[in-house]
Amino acid sequence: MQELRDRPIPDIQYGIKQIYEDLSSNFLACADKAGLNETKKCLDGTRVEILNEIIDWINNTDAATSRIFWLYGQAGKGKSAIAHTIALQAQNLGMLGSCFCFSRVRHHEQLHMKLFPTIARDLAYRDIRLRPLLVEVTTNNHSLRDTADVAAQWKRLILEPLSQLKDSLTGNVVVVIDALDESGAVRTRATVLEVLAAYGGELPANIRILLTSRPLVDIEGALNTSPHIHARSLDAVDTELTMRDIHLYVSTHLKTLRETFSDENFQQLAAKSGGVFEWARLACDFMSPRIGTGGQLGNPLQGHTGQVFSVAFSPDGRHIVSGSWDKTIRLWDAQTGFQVGNPLQGHTDLVTAATFSPDGRHIVSGSGDTTLRLWDAQTGGQVGSPFQGHTDVVCSVAFSSDGRHIISGSRDTTFRLWDAQTGDQVGNPFQGHTSVVSSVAFSPDGRHIVSGSWDSTIQLWDVQTGGQVANPLQENTSSVTIVAFSPDGMHIVSGSADDSIQLWDVQTGGKVDNPLQGHTDSVTSFAFSPDGRYIVSGSRDKTIRLWDAWTSGQMGDPHQRHTFTALSVAFSPDGRHIVTGLVDNTIRLWDAKTGGRVGTPFKGHTDEVNSVAFSPDGRHIVSGSDDNTIRLWDAQTGCQVGSPLQGHTYEVTSVAFSPDGRHIVSGSEDNTIRLWDAQTGGQVGNPLQGHTCSVLAVAFSPDGRYIVSGSCDMTIQLWDAQTGEQVGNPLQGHTNIVTSVAFSPDGRHIVSGSGDKTIQLWDAQTGGQVGNPLQGHGRAVTSVAFSPDGRHIISGSLDTTLQLWDVQ
């Protein structure tokens, strides 16, 4: 106490101020466990050239040096390893400002909204002069602590505090942003991309941002044209250098095999990678625990009287199960090698496959007798009757991660899903392969199945719908013998009869008048009233505004503020109500005249609601969400009608009713469009496939005969609603993602809005562009629509304005 009394008052005041600043900076909505991971760094001696290139860029003192270095390449090329290596080196030199790593498994945390607050906090930890500046700005504007306004975060939390420092941060400061392509759906990173592309050049001359991602279409479109961004492709790195590094990686990680593996063997293994580091890593992980020193452990496990076709460990590693030509399954003690109990007998032909359930309590086996059988792993007794349905040899079996389902592949060219408890077949056989289905596996989350076949293809399937997800993966020219998912579900590895191993990216399938002013943040959605007199708009400023389409004036005060951003708005057919879809997973109904809420929120979705629409009779509302489902609601009661419409494998971005109300069309981040029966909820026909990137917008023609779609592949496509066939060639002209599409009331024209800031008009019959692009918005166009009489187009933009255009 005496020591405290003896301290000067200014010291105590300064200490209290520091505590206050620390507490205040912690109020920012920052991400946990998204920083540097030293275990991910490059192996010493590898990637030397590209690392030196980045380090030279960091150390360049020329004020004209690009502020951002964008390192891009296909999946598995080693981008993250390079990012973490640079971050570690910068940290050791005292140059690291921040390291932020996105992850696909953390989409639900909306990390894109925590990116800039986390960087701001980290910079303030590095330079304490930034702390009082952050405290001041967040104290004066409390909304900055948890705002979804990414552009405001960048300006208020990073640019302005850095510019207020009397002297710039000492030396060059490195900020690493890794795996931006894993930040979520296209729309979630749109504003981050726009901020980096438009305002990254305003950073102080000594700030360096290293950004890594795959070259997805939206990312490439945003970053490739900015002078302050230096783009570098890992795919363009000299192949010899890459193979040299992979050889070093393989020979280092498998050094315990040097007594049995020659350098030539390591070279051959490295050559199999095709320049993909992730392939090499998986291959080493696969070989290391299995081969070890190469020495045999104990004596052979003897007991079978015929060839052994299948072996597998129990989940706890204590037992081994084997299946044999002798028609039996045998259980072994992995430590002693002794057989446990009697052989499991029941099959009438050879046992081709056997594996344990995830809890180790059961074993499932497949056989040449065309059946599957379930066994009690402890007693050896058969559980229930044989699973019957296949018409030829069962080649492969696997449990789902929760143990509730079993999948089996067969020589009859199908694979089937079974209820593990009842033995009943779930749904129809999965059909699509033209030869033996040799291997099947569940994804870690149990939502997808991968199958490999002697027809040389690998196919991905949706467990719930039984539908094929995208086109077959057809890189192999030889029979596929085995397939498996990586633990994070992002990759598939396949083995073939030509001795090759191939790694696949699950997502891509590859080896990306006067403005109406009043909103204070990006306009996310809008719609015309049925009579064309009014326009309703929703914005990230959390308000809904009503406008007079004839005068461009705002009608009254903004509708009651949402607690969360409205992503979609729509009028009821009679113009009396407005429906909004929100980022808080709910749908709300409003009185268009008074602006008051009608009833309670519609709850059921488990993620953001991206799109809402009324049925033509106004009795129902359809919604699409980031939870991958479409839901139908009773507009009067707010109750959900039936079960969710499931089939999409990624976020549902857009939904619409057909003019007769009998069908619903949906677009999704899974690159497909799907048609649904509004009464039964069943999917109608196969998915409409043709886009090579996320489908962001869909709409029916007024006569219901056609569907138009817009995509982040920068094209618009027209489809026959009855046959699902594509009509004509894609409509091309935009230079960035197509965010919104709509038909004119007479069906003769299509209007599209794009991230390239323009609106374009198209002839629906010929596909030709009508006139020049409509230009005027300062940022990406997010929504477009025709007025009911077809004479005007309304557009909304990230520039916070709506603009009205004369079609003629």
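Predicted model: local features only at pLDDT ≥ 70, side-chain atom pairs only at ≥ 80, totals over all residues.
## Contacts of W154

Setting aside neighbours within four places in sequence, W154 is in contact with F116, L159, V195, L196, Y199, G200, L203 and I209.

## The nonpolar cores

W154 belongs to the largest nonpolar core, which has 47 residues. Together with F116 and I209, W154 is among the residues with the most contacts inside this core. Two or more core residues come from each of these elements: the helices α5 (115-126), α6 (130-140), α7 (150-164), α8 (186-199) and α9 (217-223), and the strands β1 (68-72), β3 (173-178) and β4 (207-213). The largest share, 7 residues, is supplied by α7.

## The largest cavity

The largest cavity has a volume of about 60 Å³. It is lined by F116, I119, L123, W154, I158, L162, V175, I177, L203, I207 and I209. At least two lining residues come from each of α5, α7, β3 and β4. By class, the lining has 11 nonpolar residues, no polar residues and no charged residues.

## An open sheet

Four strands form an open sheet in the order β6-β7-β8-β9, with antiparallel pairing. Strands β6 (308-313) and β9 (344-345) stand at the edges and have a single partner strand each, so one side of each is left without a neighbour in the sheet.

How many bridges join β8 to β9? Strand β8 (residues 328-333) is joined to β9 by 2 bridges, and the two strands run antiparallel. In one of these positions, I329 has L344 in β9 as its bridge partner.

How values were computed. Residues numbered from 1 in each chain as written. Heavy atoms only, no water. Core = buried A, V, L, I, M, F, W, Y, C linked by side-chain atoms within 4.5 Å. Buried < 20%, exposed > 50% of the residue type's maximum accessible area, 1.4 Å probe, protein only. Contact = heavy atoms within 4.5 Å. Pairing = 2+ DSSP bridges. 1 Å grid on protein atoms, 1.4 Å probe; cavity = no way out; pocket = protein on both sides within 12 Å on 5 of 7 lines; lining within 4 Å. Points joined across faces, edges and corners; volume = space filled by probe spheres on them. Nonpolar A, V, L, I, M, F, W, Y, C, P; charged D, E, K, R; others polar.
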